[in-house]
Amino acid sequence: MDDSLLHVGNVDIAAIAGKSGTTQRLVATQLAIAALPQGQPIEIQALRAGEMVKVVVQPLPACRSRFELRIARDYNASADGTMVQISARFLDTYSEEQVAAAVAHEFSHNILHHRERLEARGVDFGLLSGFGANVKYFRETELRADLLSVYLLANAGYPPGASIAFWRSFGPSKAGGIFRSRSHPHWRDRVATLEGEIARMEKLSVRPVIPVWLGERDQPLTGEWQALIVRHR
């Protein structure tokens, strides 16, 4: 209908600022709308063919993560607690199932509140993530995200083994680097860990299948990553 949004609840769309040529304004608008009171009707005001229209909607619970495709030739994927971002080159190189596995891994970081929990531990990000006490916390979050990703894949109708296929393809040439190898487990160990979790999950008949440890996602990180990993033999 080519409507122009004016207000969503008390969110004034025109008043939201953002740098031209970026998604800053869109992101700020999404966050402002997400912060509206839950469970209460929301009045939406818009312009339609020059005329003001008002609609009242009843919000439903939904995922608060945003998903963004980067138009880039690198192989970067990330999650910051509110957004999952993946480079377009993944779509050019990997199958739909394997891309879903990569997205599920990053999405798992958000579901498990890893950014907030890492910050609460006072870790250093970037190159310093591979030094000192940072290592154990980053490895813990990486392994937990791997483990949860297979449940997300299964519940979404994808074969959980897509995560294994992804790492076997991505790992040998793109998961190296001295700093990354310190903060992230070796890809062969990640595959062995995923194989073990999939074997356990496939014994469960209930769907959706939810790991019992998901309830621990607001507890402080322990850094006990060794208890999670299965070593490749």
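**Helices and sheets in a predicted model**

Modeller: In this predicted model, the axes of helix α3 (residues 96-111) and helix α5 (residues 134-155) cross at roughly 120° and come within 7 Å.

Biologist: Which residues make the contact of α3 and α5?

Modeller: On α3 they are Ala100, Ala101, Ala104, His105, Phe107, Ser108, His109 and Ile111. On α5 they are Thr141, Glu142, Ala145, Asp146, Leu148, Ser149, Leu152 and Leu153. Divided by class, this contact holds nine nonpolar, five polar and two charged residues.

Biologist: Why are α5 and α8 called oblique to each other?

Modeller: The axes of α5 and helix α8 (residues 187-201) cross at roughly 45° and come within 10 Å. Roughly parallel requires an angle under 35 degrees, and roughly perpendicular begins at 65. The value lies between these limits, so α5 and α8 are oblique to each other. The crossing of α5 over α8 is right-handed.

Biologist: Which residues of α5 and α8 make the contact?

Modeller: α5 contributes Glu142, Leu143, Asp146, Leu147, Ser149, Val150, Tyr151 and Ala154. α8 contributes Arg190, Thr193, Leu194, Glu197, Ile198 and Met201. In the contact of α5 with α8, eight residues are nonpolar, two are polar and four are charged.

Biologist: Why is Gln98 counted as buried?

Modeller: Gln98 belongs to helix α3. Its relative accessibility is 17%. Buried means under 20%, so Gln98 counts as buried. Apart from its neighbours within four places in sequence, Gln98 is in contact with Ala162, Ala165, Phe166 and Ser169.

Biologist: Why is Val53 called partly exposed?

Modeller: Val53 is located in strand β4 (residues 51-57). The relative accessible area of Val53 is 22%. Buried requires a value under 20% and exposed one over 50%. The value of Val53 lies in between, so this residue is partly exposed. When neighbours within four places in sequence are left aside, Val53 is in contact with Ile44, Gln45, Ala46 and Arg48.

Biologist: Why do β2 and β4 count as edges?

Modeller: Four strands form an open, antiparallel sheet in the order β2-β1-β3-β4. β2 (11-12) and β4 each have a single partner strand, so one side of each has no neighbour in the sheet. For β4, strand β3 (residues 42-48) is joined to it antiparallel by seven bridges. Leu47 has Met52 in β4 as its bridge partner.

Biologist: What makes the pairing of the β5-β7-β6 sheet mixed?

Modeller: Three strands form this open sheet, and its pairing is mixed. The edge strands β5 and β6 each pair on one side only. The twist from one strand to the next averages 10°. Strand β5 (residues 66-70) pairs with β7 in the parallel sense over five bridges, whereas strand β6 (residues 77-79) pairs with β7 in the antiparallel sense over three bridges. Arg70 stands opposite Ser87 in β7, Ala77 stands opposite Ile86, and Ala79 has Val84 as its bridge partner.

Biologist: How many residues lie between β6 and β7 in the hairpin?

Modeller: There are three residues between them, and Gly81 in the turn has a positive phi of about 105°.

Biologist: Why is strand β7 described as largely enclosed by the rest of the structure?

Modeller: Five of the five residues of β7 (residues 83-87) are buried, so the strand is largely enclosed by the rest of the structure. Met83, Gln85 and Ser87 point one way, Val84 and Ile86 point the other way, and all are buried. In a regular strand, side chains alternate between the two faces of the sheet. Helix α3 also lies across β5, β6 and β7, running at about 150° to β7.

Biologist: How far apart are the C-alpha atoms of Val53 and Val84?

Modeller: They are separated by 34 Å, and the two residues are 31 residues apart along the chain.

Definitions and conventions: Residues are numbered from 1 along each chain as its sequence is written. This is a predicted model: local features need pLDDT of at least 70, side-chain atom pairs count only at pLDDT 80 or more; totals for chains, interfaces and linings use all residues. Side-chain values use heavy atoms; hydrogens and water are left out. Axes are lines fitted to C-alpha atoms, for helices over the stretch in contact, and angles run from 0 to 180 degrees between N-to-C directions. Helices (H or I, at least four residues) and strands (E, at least two) are DSSP runs, numbered from the N terminus. Contact means heavy atoms within 4.5 Å. Ala, Val, Leu, Ile, Met, Phe, Trp, Tyr, Cys and Pro count as nonpolar, Asp, Glu, Lys and Arg as charged, and the others, Gly among them, as polar. Buried means under 20% relative accessible area, exposed over 50%, partly exposed in between (1.4 Å probe, protein chains only). Two strands pair if DSSP finds at least two bridges between them. Angles under 35 degrees count as roughly parallel, over 145 as roughly antiparallel, 65 to 115 as roughly perpendicular and the rest as oblique. A crossing is left-handed if the near helix is turned anticlockwise from the far one by less than a right angle, and right-handed if clockwise.
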